[in-house]
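Please look at the sequence and the three-dimensional structure shown below. The paragraphs that follow lead through the whole chain and then through selected parts.

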Amino acid sequence: MKKGSLVILFLIHIVSPLYAQINWGDYSQSFPSGAMDKVSTVALILAIPKANNSFWKTHGNSAYFYDLARDNSFKKIRPANLVARTTFDTARAQFFLHGVNRTNAYSYQFRVMDYPTQNVIVPWKSIANFTDSALIKSAGLPQMAYLGGYKAPLGKMLIVDVRKTSDQQIIATSMVAWESIRPSVSNIYTSANFDTFLKKLQYPWANEKDTGLTQSLDKDLRLPATNTNLIFFLNADIYSKEQIQYQLIRNDQVMHPWHSNEYANSFIWLKDFLPGEYRLRIRYLVQPQHVTEYRFDVESAWYQSIWFKLIAILMGVVVLGLLLFVNLLIRQRRKTQQETANRQKLQLELKALYAQLNPHFVFNALSSIQGLINRQDIKGANDYLSDFARLMRDSLSRKEETSLNEELQTMDTYLKLEQLRFGFQYAIHVDESVNVYTTNVPSLLWQPLLENAVKHGVAALQQSGLINIELEKIDNTLITRISDNGRGFATHEATDGFGLKLTRDRIKLVNELNSEQPISLTINSHLPTGTEVTLIFTHWFI
C-alpha cells in the first residue's frame with residue numbers, strides 16, 4: 001500500500017491504511033497522524049478504492065492543493081493537519097468521523113463543498129448515520145459516524161469540513177480531487193538490454209542505473225528483425241492485470257483488440273513480431289477515455305526484403321518456365337508416340353486393303369467373268385462384274401470406321417461374289433435392338449474372318465455349304481458371330497494365317513487407342529462339324 005505525506009505550507013498527513021466501511025478490503029484509508037491513538041480523538045477518515053494507489057506515484061498531488069495552500073482565508077478557519085488525497089475512478093469517496101458515536105454526535109456538524117466553484121453540495125448538517133456492529137468488527141475500530149459517500153467529475157475536488165455545534169469552529173477537513181491520468185512509459189526494453197529488464201524485475205528496490213531506451217520515448221522506435229522482445233515499463237505501481245488495457249495495431253490493421261494486460265505488473269511485454277509499422281495504444285481501466293499511443297517499426301529480415309522477393313519471383317518464373325518446357329517436351333513426345341501409333345494404324349489399313357481382296361480371289365473372280373462371257377451369259381457377266389466393281393470401290397474408299405449398315409452391304413456383296421464361285425448358301429441375321437445406321441464399327445474387320453469361313457469351311461462343300469452371320473446386342477455390348485458347317489481347322493492354323501494376324505493386330509491397336517471400349521476375338525473350331533468366330537465389342541453402345 002502506498003504511504004506518504006503531502007505538505008502544502010500547512011501539514012497534511014497521509015497515514016498507513018486500515019480497513020473500514022463498505023468492502024473494507026477494497027479501500028485505502030487516509031487520516032491525520034495520531035488520529036487512532038485514542039478512542040476519543042475526533043478525526044476525519046477518507047476511504048477511496050485501492051486501485052487508485054497505483055497512480056499516486058505520479059499523481060499524488062493536485063493543483064488545487066497548491067492553490068488552497070496559498071489561500072490564507074482558507075487556511076485561517078481550518079486546522080493545519082487536514083487530509084488531501086487524489087482519486088481517479090468514478091467510485092465515491094467514503095467519509096467517516098472517528099471519535100464520534102451516538103452519544104456525542106449532537107456536538108458536531110459536517111458540510112460538503114465543490115471546488116473550485118465552492119458550491120455547497122451538503123450544507124451544514126447534523127450527524128445521523130453510524131457504522132453498525134458488522135462493520136465495527138471487520139474494521140477493528142469503535143463505532144464511528146458515517147458522513148456518506150460522494151463523488152465529483154474529473155477535474156473537480158470535494159472539501160468535507162467538520163465543526164463543533166457549540167462554537168462553530170472547524171476542527172477537521174478532508175479534500176479529495178478527481179484527477180485525469182493517462183499512461184506514461186518510463187523505460188523501453190528490447191532484446192538488446194533484456195538482461196537489464198530481468199534485473200529490474202528481480203530487484204525492483206535496487207537503485208541501479210537504468211539502461212532502458214528512454215531516448216526513444218519521444219520518437220518512433222525502429223527495431224531490427226532479430227528483436228523478439230519489447231517491454232514498455234509504465235510509470236505506475238500496477239498490481240492487477242485488469243488495471244491496464246492495450247491494443248496493438250500493425251500497418252493500420254488491428255492485430256490485437258483491446259484486452260487486459262497479460263501480467264500483473266507495471267509493464268506490457270510484446271513478443272515475436274512480423275515486419276511492419278506498429279502502434280501500441282495503452283489505457284487505464286479507471287479512465288479508458290484517456291489513451292496513450294507509442295509507435296515503433298520492425299524491420300524486415302533479409303529474406304523478407306523486396307530484393308529477395310524479386311529474386312525469388314524471378315527464380316520462380318525460371319522454374320515455372322522449366323516446368324512448362326518439360327511439360328511441352330513430354331507432350332511433344334506423347335504427340336510423337338501418337339503419330340507413330342497413327343502411322344502403324346495406317347500401315348495396318350494398307351495391309352487390310354491388300355488382304356481384303358487377295359490375288360487368288362481377284363484371279364478367280366475375273367476367270368468366272370470370262371467364263372460367263374464365253375457362254376454368252378452377258379447378263380450374268382454384267383451382274384458379276386457390277387458386284388465386283390462395287391466391292392472394289394467400297395473397299396478402297398473405306399474409312400477407319402463406318403456404319404454397320406455399310407459394312408453389312410459390303411459383306412453381302414462379298415458373299416454374293418464368292419457364292420458365284422462355290423455355290424454355298426449364307427444368311428445374315430441382325431438383332432432388332434441393333435441400330436445399323438447409328439452404330440459404327442472398324443471397317444472390314446470381319447473380311448479376313450469371312451474369307452476363312454469360305455476358304456477353310458464351305459468352299460469344298462459347294463451347294464451344301466452354309467455360312468451364318470449373327471449380330472446381337474447384350475446390355476451395351478455388340479456381339480458378331482460368323483459360323484460355317486465346313487470341316488473346321490486347328491486353332492494354331494487360324495493363328496498362322498495372314499488375314500487373322502492382320503485382324504488381331506488391328507484389334508490390339510484399336511484397344512490401345514480406346515481402352516474403355518475393348519474388342520476381343522475368339523475362334524471355336526469343332527472338327528469336323530465347323531467353326532464359329534466371335535467378335536465382341538464391349539461397352540460399344542455407351
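**A guided reading of the protein chain**

The protein chain has an accessible surface of about 29000 Å², and carbon and sulfur atoms hold 53% of that surface. Accessible areas come from the Shrake-Rupley method with a 1.4 Å probe, and for residues only the protein chains shown count as cover. This is a predicted model, in which local features need pLDDT of at least 70 and side-chain atom pairs count only at pLDDT 80 or more, while totals for chains, interfaces and linings use all residues. Residues are numbered from 1 along each chain as its sequence is written, and side-chain values use heavy atoms, with hydrogens and water left out.

The secondary structure comes to 12 helices and 26 strands. Here helices (H or I, at least four residues) and strands (E, at least two) are DSSP runs, numbered from the N terminus. Of the 542 residues in the chain, 45% are buried; a residue is called buried under 20% relative accessible area, exposed over 50%, and partly exposed in between (1.4 Å probe, protein chains only). Among the contacts in the chain with a separation of 6 or more, 68% are between residues 24 or more positions apart, a contact being heavy atoms within 4.5 Å.

Two pairs of places illustrate contacts across the sequence. Ile 77 is found in the loop between α3 (72–76) and β5 (83–87), and its relative accessibility of 40% makes it partly exposed. Although Ile 77 and Ile 170 are 93 residues apart in sequence, their C-alpha atoms are 6.6 Å apart in space. When neighbours within four places in sequence are left aside, Ile 77 is in contact with Gln 169 and Ile 170. Gln 247, by comparison, belongs to strand β15 (residues 244–250). With a relative accessible area of 9%, Gln 247 is buried. Beyond its neighbours within four places in sequence, the contacts of Gln 247 include Val 254, Trp 258 and Arg 279.

Arg 279 also takes part in a salt bridge, that is, a side-chain nitrogen of Lys or Arg within 4 Å of a carboxyl oxygen of Asp or Glu. Its partner is Asp 252, at 3.7 Å from N to O. Asp 252 is exposed, at 64% relative accessibility.

By this rule there are 12 salt bridges. One of them joins Asp 67 to Arg 70, whose closest N and O atoms are 3.0 Å apart. Asp 67 is partly exposed, with a relative accessible area of 32%, whereas Arg 70 is exposed at 57%. Another joins the side chains of Lys 501 and Asp 505 (3.2 Å, N to O). How far apart are Lys 501 and Asp 505 along helix α12 (residues 498–513)? They are four residues apart, which means that about one helical turn separates them. An α-helix has 3.6 residues a turn, so residues three or four places apart point the same way. Lys 501 is partly exposed, with a relative accessible area of 46%, and Asp 505 is partly exposed as well, at 26%. Elsewhere, salt bridges that share partners join Asp 252, Arg 279, Arg 281, Glu 293 and Arg 295 into one network.

Helix α6 covers residues 306–356 and contains Trp 307. An unreviewed UniProt entry annotates residues 306–330 as "transmembrane region"; such annotations, given in the numbering used here and with shortened feature names, may be inferred rather than shown by experiment. In the model these residues are 100% helix and 0% strand, and the end C-alpha atoms are 35 Å apart. Trp 307 is exposed, with a relative accessible area of 64%.

Helix α9 (residues 404–422) has 19 residues and reaches 26 Å from its first C-alpha to its last, close to the 27 Å expected. The expected span is 1.5 Å times one less than the number of residues. The buried residues of α9 include Leu 404, Met 411, Tyr 414 and Phe 422. Just after α9, Gly 423 has a positive phi of about 75 degrees.

Helix α10 (residues 447–458), with 12 residues, reaches 15 Å, close to the 16 Å expected. Because 10 of its 12 residues are buried, α10 is largely enclosed by the rest of the structure. Among these buried residues are Pro 448, Leu 450, Glu 451 and Val 458.
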